[in-house]
Amino acid sequence: MKSVSTKFCLSLIVISLIFSTASAQENNLNKNKFRQLKQELATPNVYRTASGAPGHQYYQQKADYQIAIELDDENQRIYGEETITYFNNSPDPLTYLWLQLDQNIRSKDSDALKIRTSEITEKMSTWRMKALEFDFDGGFKIEFVRDKNNRDLPFTVNNTMMRVDLPTPLLPNQNFNLKLKWWYNINDRAKVRGRSGMEYFKENDNYLYIIAQFYPRMAVYNEVEGWQNKQFLGSGEFTLPFGDYNVAITAPVDHVVSATGELQNGNTVLNATQRQRLKKSIDSATPVFIVTEQEARDAEKGHATKKKTWQFAAKNVRDFAFASSRKFIWDAMGVKFGNRTVMAMSFYPKEGNPLWEKYSTRVVAHTLKTYSKFTFPYPYPVAQSIHSKFIGMEYPMICFNGGRPEPDGTYSARTKFGMLSVIIHEVGHNFFPMIVNSDERQWTWMDEGLNSFLQYLTEQEWQRDYPSRRGPIHKIVDYMKTEKTKLTPIMTNSESLFDFSMNAYGKPAAALNVLRETIMGRELFDFAFKEYSERWMFRHPTPADFFRTMEDASAIDLDWFWRGWFYSTDHVDIALANVRWFNLDTQNPEVEKPITRLQEQNREKGISVRRNKTLIAQTITEQDTSMLDFYDTYDKFEVNSMDQRQYNRMLTSLDSLEKELLGSKKNYYELTFENKGGLVMPLILKFDFTDGSHEMQHIPAEIWKLNHDKVTKVFVFEKEVRQIVLDPFLATADVETSNNYWPPQNIPSRFQLYKMKRRSGKNPMQLEKEMQTEK
């Protein structure tokens with residue numbers, strides 16, 4: 001037993017030493033908020049430089065597609081065949097290729113379905129109930145995978161990814177052709193939600209198709225991830241190589257088809273009137289109808305059995321999508337970019353009017369021009385906005401957008417601005433990630449966050465005081481002060497975000513606005529952001545490339561900002577904890593003694609002194625004045641000759657600069673700031689003076705570099721300060737502004753006392769119509 005006990009004690013000692021060592025190492029770690037991001041960012045190399053630019057050996061793969069699609073309107077299916085030419089521009093031999101089968105997320109055995117959590121609540125919507133029993137089979141049905149000589153290639157399907165094994169390694173600078181044939185069932189988006197599918201209109205028994213992820217697509221291979229073959233689970237979207245597309249879409253003869261790229265056979269699929277209108281729209285400053293509402297109404301009454309094929313071509317795009325319906329109204333206008341004309345177009349059913357015919361194409365044109373101002377001129381020949389209910393999804397040159405009025409043609413302000421915002425956002429995605437082609441599967445914020453930021457700028461240029469949901473700095477405050485256990489850093493994989501919308505869209509958009517308005521200033525920020533956009537257009541950037549470029553192009557060290565805003569869940573709460581006001585002691589008895597006398601007279605003596613004045617009827621010295629002596633009548637605040645001699649001797653010892661300072665009559669304010677939220681930020685201060693004037697002071701965030709918790713700074717003014725406000729213009733996302741004032745201010749919260757009334761469910765336009773009718 002003694003031996004066992006000894007061994008046990010020795011083990012405890014070793015374990016204790018291990019934990020003590022680990023604890024010491026933890027305490028010795030550099031936790032300075034201004035330390036560089038050396039450990040977090042990948043080491044620069046020949047592919048990606050320390051400046052954030054592509055390196056001299058940067059490469060990217062290419063995949064060209066020849067696709068033939070048939071839309072089966074009777075059975076709501078897609079049938080397709082494709083030939084992919086894959087170019088290996090990497091320095092590595094490849095023994096297999098990975099393709100994405102994103103439709104398999106709707107397979108009955110999909111991992112995305114298996115990992116989806118669910119619960120029963122007292123009130124369950126019909127959609128939630130149906131979601132508990134998923135019975136739709138929407139996955140790819142692969143009929144064959146072959147090489148260019150029609151020899152079968154071995155392939156393995158793993159959920160949403162497919163590996164094709166090559167007969168011999170694909171060497172650098174070589175290409176490989178593979179052919180595929182497949183089909184799948186199109187999902188009804190009212191029953192099985194998703195980024196594509198169909199919308200059913202019971203009236204006239206019609207469908208509107210918005211089709212994407214409809215073909216097996218090549219995965220990205222690069223030096224960052226190797227093959228980006230992370231499974232598609234629903235949140236992390238798509239990572240795709242660039243290539244050239246030639247796509248033939250066979251649809252019912254009475255359908256109008258819109259797609260990525262340019263229509264190649266307009267002379268065949270459009271009638272003479274439509275071709276004439278389309279030609280007119282090129283030089284028009286307002287939308288021109290190619291297919292009018294009345295023509296669309298006539299078309300939706302029939303159900304043609306014949307078909308025709310629309311042919312589209314697109315160069316240097318990362319994806320392809322299309323829309324098809326006999327219900328489509330189609331309008332278009334030209335947007336000038338130098339000597340080029342880009343076509344802005346919209347396709348929508350009559351149910352979208354009057355909103356869509358008034359706004360959609362004009363918003364597309366505005367978005368292209370505004371985004372181009374902050375990035376690069378829009379390089380593609382067309383941008384299209386397609387309307388279907390309850391959606392917002394983007395693809396090269398085409399996007400699917402919601403925003404539908406009521407059946408009577410009225411709409412709420414929320415519907416209107418929601419429609420404008422979703423069109424701006426989805427058209428804006430042409431820039432991020434369709435051109436600046438980041439890895440969506442890994443980092444949602446790199447396209448959604450940057451795009452939401454530019455969306456905000458575009459909304460504000462559309463209408464003054466536009467009610468933007470994301471982008472304004474103060475609108476991120478409620479999210480930032482959420483309990484930390486419910487937050488994830490921006491630099492979190494797309495599938496692991498607690499609050500997907502705020503983390504991937506809202507917080508990055510607000511962070512970029514903080515950079516632009518508060519940290520860098522508009523001029524430096526806009527230059528650096530444009531530099532990043534131009535460097536990485538038609539390339540694959542990483543977060544490090546963005547961070548490094550923003551610093552490289554501005555000469556501002558932003559590592560503290562990326563660390564705090566992107567790598568942590570800290571928030572901003574900086575308090576103006578204390579203010580001390582000083583005046584310089586002139587040592588002139590004629591000045592200082594009256595001031596001291598007044599201070600003494602105004603000094604509170606305490607509760608006992610106050611009560612004694614009335615409760616003590618008469619003191620001893622009041623009864624017998626002979627008890628008083630010199631000190632009871634001596635006035636210590638009276639200026640005497642000794643005071644004057646001492647002051648004169650002091651003056652003769654001063655030089656001219658010291659005498660000037662002594663007589664300056666300046667006010668000194670010592671301000672103490674406390675960092676309660678963790679995020680260091682600049683100190684933006686507004687000093688209001690007693691004469692009605694004010695002064696702004698902007699102190700860089702580096703004031704916190706040696707003490708992250710508390711800093712003190714003295715401000716000197718000729719005037720007397722009436723009020724001090726920290727972050728007066730809500731420029732830092734401070735979550736608690738009540739501690740930003742001196743003197744302190746109590747800002748009351750408001751509550752309402754009311755009798756609950758049942759809402760009418762009518763929008764203001766409908767109520768206005770009713771009132772006009774009553775009149």
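Helices (H or I, at least four residues) are DSSP runs, numbered from the N terminus. This is a predicted model, in which local features need pLDDT of at least 70 and side-chain atom pairs count only at pLDDT 80 or more, while totals for chains, interfaces and linings use all residues. Residues are numbered from 1 along each chain as its sequence is written, and side-chain values use heavy atoms, with hydrogens and water left out.

**Aromatic pairs**

- The structure holds 57 aromatic pairs, a pair being rings of Phe, Tyr and Trp (its six-membered ring) with centres within 6.5 Å; planes under 30 degrees apart count as stacked, over 60 as edge-to-face and the rest as tilted.
- One of them joins Tyr395 and Phe400, which is tilted because the planes stand at 45°, with the ring centres 5.6 Å apart.
- Tyr395 is buried at 1% relative accessibility, and Phe400 is buried at 0%; buried means under 20% relative accessible area, exposed over 50%, and partly exposed in between (1.4 Å probe, protein chains only).
- Phe525 and Phe529 form a stacked pair, 5.6 Å centre to centre with 15° between the planes.
- Both Phe525 and Phe529 belong to helix 12 (residues 522-536), where they are 4 residues apart, about one turn of the helix.
- An α-helix has 3.6 residues a turn, so residues three or four places apart point the same way.
- Phe525 has a relative accessible area of 0% and is buried; Phe529, at 2%, is also buried.

**Charges over rings**

- The charged end of Arg217 sits over the ring of Phe238, 4.6 Å from the ring centre; the criterion is NZ of Lys or CZ of Arg within 6 Å of the ring centre and within 35 degrees of the ring normal.
- Lys327 has its charged end over the ring of Phe201, at 4.3 Å from the centre.

**Helix 14**

- Helix 14 (residues 559-566) is mostly covered, with 8 of its 8 residues buried.
- Among the buried residues are Trp560, Phe561, Trp562, Trp565 and Phe566, as well as Asp559 and Arg563.
- The cover includes helix 9 (445-462), helix 10 (477-480), helix 11 (500-519) and helix 13 (543-552), where contact means heavy atoms within 4.5 Å.

**Surface patch**

- Phe630, Tyr631 and Tyr634 make a nonpolar surface patch of about 400 Å².
- Patches are made of residues with over 30% relative accessible area and no salt bridge; like charges are joined within 9 Å, nonpolar side chains (Val, Leu, Ile, Met, Phe, Trp, Tyr) within 5 Å.
- A salt bridge is a side-chain nitrogen of Lys or Arg within 4 Å of a carboxyl oxygen of Asp or Glu.
- Accessible areas come from the Shrake-Rupley method with a 1.4 Å probe; for residues, only the protein chains shown count as cover.
- Phe630 is found in helix 18 (residues 630-633) and counts as exposed, at 53% relative accessibility.

Note on methods: Helix = DSSP H or I, 4+ residues; strand = E, 2+ residues; numbered from the N terminus.
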